[in-house]
Amino acid sequence: MIRRATIAGTGSALPPRRVTNEELAQTVDTSDEWIVERTGIRARHIAGDGETTATLATEAARKALAAAGMAATDIDLIVLATATPDQTFPATATKVQDALGIRDCVAFDVAAVCSGFLYALSVAESMIRGGGSTNALVIGAETFSRILDWEDRATCVLFGDGAGAVVLTPEEGDGGNQDRGVLSTALHADGRHNQLLYVDGGPSTTGTVGKLRMKGPEVFRHAVVNLAAVLEEALTKTGLKVADVDWIVPHQANRRILDATARKLGLAPERVVITVDEHANTSAASVPLALDVAVRDGRIKRGDIVVLEAMGGGFTWGAAVVRY
Ligand code: UT7
């Protein structure tokens, strides 16, 4: 027997303010046609006054707890993935803990940028499988609008704000791929590429927050290769094949990356959950946000094999195979 971490509930949050490509084109030298053709993005949500990574994360967490039918006080672990914390410290996870009224639990942030949710899920799953934790909130939350250079049209049109969360809870399984829960994870990092996607500031270097910088076409090339490889690696660990996959919930960076990865794997495009059109790239929030959308609209059902994957700054990349 093995202790599996199963997904008991999902939740998400978006700032109410939706900004279309046309609206952006009023202040940035761009067009709806260029953005849609190159990325598939039509709109993004942007945080307003009083909305922060912690407030979005808390809203997503509350919805995930409600979906799981659990109280905040049932939670003994919060792992929050973000590259845009409310403050350098304390961890945004502790602000979520406080907002939820949890008096004692383990709470920390994970920084793996767009792969952050995969890293956070893997850490929480290990802690549950090892018996050290019971019920975990795993959250991806970002306010990338606050680190964008709004003069740089090559990056500012690509990102949005939001949060997604899952509640993990243990369940006994027999160790095979018929179990429910997280069946495998695969994580990677290659720091040689840390100048292709980065923020040009930080507490220990410039003493400033900095702005996002990206060599987009080079990131694109690595993304398709790495994502297809890590997805196959995570599937191989479970003994499942691409044909067994009901849904892929990928990191939502660019519609063309999603299509190219699906083609490379021989996966039917209708099996790919796509939210990049409405959310743009929300970094660590994008996978749990897309997961919540597809769970709530009834596409992802109990028992389905769902593969999550992401790649981001570092580079970091990862995948997880889950029986929902
Ligand atoms: O989340 C982490 C992972 N991130 C990613 O996966 C992002 C990966 N990269 C991409 O998605 C794409 O590379 C981008 C969407 C960032 C860029 O698309 P691209 O097809 O690679 O375009 P490009 O950067 O090669 O630029 C093509 C042209 C350039 O003009 P010239 O030099 O050909 O005259 C750019 O100046 O498009 C121009 N351009 C724009 N035009 C209108 C760049 N940004 C814009 C814009 N509006 N917003």
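Which loop does Pro90 lie in? I looked this up to begin with, and found Pro90 in the loop between β4 (77–81) and α4. I note here that the model is a predicted one.

**Entry: cis peptide bonds**

I checked omega along the backbone at Pro90. The peptide bond from Phe89 to Pro90 is cis, with omega near 5°. I then turned to Phe315, which lies in the loop between β12 (305–312) and β13 (316–323). Gly314 and Phe315 are joined by a cis peptide bond, and omega there is about -10°.

**Entry: Thr92**

I moved on to Thr92, which belongs to helix α4 (residues 92–100). Is Thr92 buried or exposed? Its relative accessibility is 0%, so I put Thr92 down as buried. I listed what Thr92 touches, leaving out residues up to four places away in sequence: Thr53, Ala54, Leu80, Thr82, Pro85, Asp86 and Asp109.

**Entry: α3 against α4**

Two packed helices are described by the angle between their axes and the distance between the axes. I looked up both values for helix α3 (residues 53–68) and α4, and found an angle of about 55° with the axes 9 Å apart. That angle makes α3 oblique to α4. The crossing in which α3 passes α4 is right-handed.

Which residues of α3 and α4 meet? From α3 I noted Thr53, Ala54, Ala57, Thr58, Ala61, Arg62 and Leu65. From α4 I noted Thr92, Lys95, Val96, Ala99 and Leu100. I sorted the residues of this contact by type and got 7 nonpolar, 3 polar and 2 charged.

**Entry: Leu65**

I followed Leu65, which lies in helix α3. Leu65 counts as buried, at 4% relative accessibility. Setting aside neighbours within four places in sequence, I found Leu65 in contact with Met70, Ala71, Ala72, Ile75, Leu100, Leu137 and Val167. I also looked up a C-alpha separation: Leu65 and Gly11 are 54 residues apart along the chain, and their C-alpha atoms are separated by 7.8 Å.

**Entry: Ala13**

I found Ala13 in strand β1 (residues 2–13). Ala13 has 2% relative accessibility and counts as buried. Apart from residues up to four places away in sequence, Ala13 touches Leu56, Glu59, Ala60, Gly162, Ala163 and Leu289. The C-alpha atoms of Ala13 and Thr55 are separated by 9.1 Å, and the two residues are 42 apart along the chain.

**Entry: α7 against α8**

I repeated the helix check on helix α7 (residues 216–238) and helix α8 (residues 255–265). These two helices pack at about 45°, and their axes are 9 Å apart. I therefore recorded α7 as oblique to α8. The crossing of α7 past α8 is right-handed.

On the α7 side, I noted that Phe220, Ala223, Val224, Val225, Leu227, Ala228, Leu231 and Glu232 make the contact. On the α8 side, the residues are Arg256, Ile257, Ala260, Thr261, Lys264 and Leu265. I sorted the residues of this contact into 10 nonpolar, 1 polar and 3 charged.

Which residues of helix α2 (residues 32–39) are buried? I found Asp32, Ile35 and Thr39. Looking down the axis of α2, I saw that the buried residues fall within an arc of 80°, so they line one face of the helix. An α-helix has 3.6 residues a turn, so residues three or four places apart point the same way. On the other side of α2, I found Glu33 and Glu37 exposed.

I then asked what covers the buried residues of α2. The cover includes α1 (21–25), β3 (43–45), α8 and α9 (276–279). After α2 comes Gly40, and I read its phi as positive, near 85°.

I located Val113 in the loop between β5 (106–110) and α5 (116–129). Val113 has a relative accessible area of 25% and is partly exposed.

I located Ala280 in the loop between α9 and α10 (286–296). Ala280 counts as buried, at 0% relative accessibility.

Notes: Residues are numbered from 1 along each chain as its sequence is written. This is a predicted model: local features need pLDDT of at least 70, side-chain atom pairs count only at pLDDT 80 or more; totals for chains, interfaces and linings use all residues. Side-chain values use heavy atoms; hydrogens and water are left out. Axes are lines fitted to C-alpha atoms, for helices over the stretch in contact, and angles run from 0 to 180 degrees between N-to-C directions. Helices (H or I, at least four residues) and strands (E, at least two) are DSSP runs, numbered from the N terminus. Angles under 35 degrees count as roughly parallel, over 145 as roughly antiparallel, 65 to 115 as roughly perpendicular and the rest as oblique. A crossing is left-handed if the near helix is turned anticlockwise from the far one by less than a right angle, and right-handed if clockwise. Contact means heavy atoms within 4.5 Å. Ala, Val, Leu, Ile, Met, Phe, Trp, Tyr, Cys and Pro count as nonpolar, Asp, Glu, Lys and Arg as charged, and the others, Gly among them, as polar. Buried means under 20% relative accessible area, exposed over 50%, partly exposed in between (1.4 Å probe, protein chains only). The arc is that of the directions from the helix axis to the C-beta atoms.
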